[in-house]
Amino acid sequence: AALSTPSCCQQHSEEVCESCVVKTTLTAENVVEANKLSNNYKFGFKKWKSHVTARPWEDRSEIVKELYSDLNVIRGSGGSTLTCGNVLYLLLFGWWLSLLYVLVAAVMFVTVVGAPYGQLCWDLAGYFLWPFGKVIQKVEVPKSHQACEAGAGESSALLGGPTPLRWRPRCWVGTGYWRRASTAVWLCLGYPVLALAHGLVCVTAWLLIVLIPVAKLSARATSRVLLLPPERILIRRLRMTEVPLEGEVILCCYRAANPYYYKYAVDGINVFAVNLLPLVLVTLVLGYVDSPNHLTGSAVKFTLALLSIMPLSYYIGMAIASISAQSNFAVGAVVNATFGSITELTFYITALIKGSREGNRCYAEVVKSALTGTLVGCVLFVPGLCMVIGGIRHQEQRFNSRSAGVSSALLFLSVGGVFAPTLFSKVYGKLVCGECHNVTQNPLGHYLCHNCHFDLMDNNGTLYYSHVQ
């Protein structure tokens, strides 16, 4: 199979830009290999393959697809909007956000020139108090004030009746200078306050994860709704018998909470890892700035470090999966064995160096315990846990025999390395016992000894310090 792909359109699978002139022809055994080569022929690996461990989008359920909606789709029947999540939104954000819009509307009316934006804030106060089942649209308005006045008495052909006054597009009082003055007053007095409030709502709802629709609602309101001229914004309450007016739908939200957002991913990264990523910067700043522990204690630093290492380990795992999906088995195994353990290697090396400098053997004991836990966990616990969890849903599971062979060989090497100091101590050491009792009262009989250990310091301390330890 031969596949010809423009060199500057690697990120698009179906569209080809007109400016592409240079093309590269690839030859492969089948279409799958040709597509793989077309994605990787320039640098070997793409920057990120977020879908290597995820199912195709077509096979995902409707619940998962709804997580990635932009809150701009009108559904025929949204059901009741009185849900626990919507009530939670009202208690956490809705009441004070609506009150803030009322205060900003009052300020806009006081400035006189900002009256159109004051009317907009007044309408948005009712919307953000309970935005569910309502829609905000971007509509086209007449170019002149006369056309706006003429359209005030027209009827809507879609709804079959006169348009209610509160649904009509707002008309500017005057043009030119007054329009620019009103926009300047809005951008200086009204928009910064509301943008800050929506930013706080967005961050809080995003951290709560199940309220991510509220975060999307606030982000879209700040970036789209509040930057549009007032006469182009139309706020409507949807009814099941209504046909939506013509115009672009900007916001349409039915639910404030969705428990399935634990599956949400940003560029292939789970939302939990994204939320924990800022802790890395916080941990680094505290570690270097507050070394004497004046601001926080050691327990707080340890907890922050433990939480911040989780997203980094997740990113490393996704990077290894991305490389392994585009390479052969050997490269994937080498990368997994080296770069996959970079976190543990960093910890081991740091602890051993610090223990050597301070002359404290406790660090070496910690490394020994961690190494033992790593061997037991990676060889026994993690594969066993995967088998048990996979067996809950799948009656039959398959594994890679070559991978199991490599893991077994590495296990034997690890066991040999761990037992090498023990063999040295058995061969060159001297057995020393604390107490020995003759069981049979016969000098040639059996003795029962307690507290026995091999002493390497009696005759050959150099061997112990230079090799065995």
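**Cysteines and aromatic pairs**

Modeller: To begin with a cysteine, Cys252 counts as buried at 2% relative accessibility, where buried means under 20% relative accessible area, exposed over 50% and partly exposed in between, with a 1.4 Å probe and protein chains only. This is a predicted model, in which local features need pLDDT of at least 70 and side-chain atom pairs count only at pLDDT 80 or more, while totals for chains, interfaces and linings use all residues. Residues are numbered from 1 along each chain as its sequence is written, and side-chain values use heavy atoms, with hydrogens and water left out.

Colleague: How far from the sulfur of Cys252 is the closest cysteine sulfur?

Modeller: A disulfide is a pair of cysteine sulfur atoms within 2.5 Å. The closest sulfur to that of Cys252 belongs to Cys253, and it is too far away for a bond, at 7.8 Å.

Colleague: How many disulfides does the count come to?

Modeller: Cys253, which is buried with a relative accessible area of 2%, is in no disulfide. By the sulfur distance rule, the number of disulfides is 0.

Colleague: What kind of aromatic pair do Tyr89 and Phe93 form?

Modeller: Rings of Phe, Tyr and Trp (its six-membered ring) pair if their centres lie within 6.5 Å, with planes under 30 degrees apart counted as stacked, over 60 as edge-to-face and the rest as tilted. Tyr89 is buried at 2% relative accessibility, and Phe93 is buried at 5%. Their centres are 6.2 Å apart with 45° between the planes, so the pair is tilted.

Colleague: Which residues do ring pairs link into a cluster?

Modeller: A search of the whole structure finds 10 aromatic pairs. The cluster linked by ring pairs consists of Tyr68, Trp206, Tyr261 and Tyr264.
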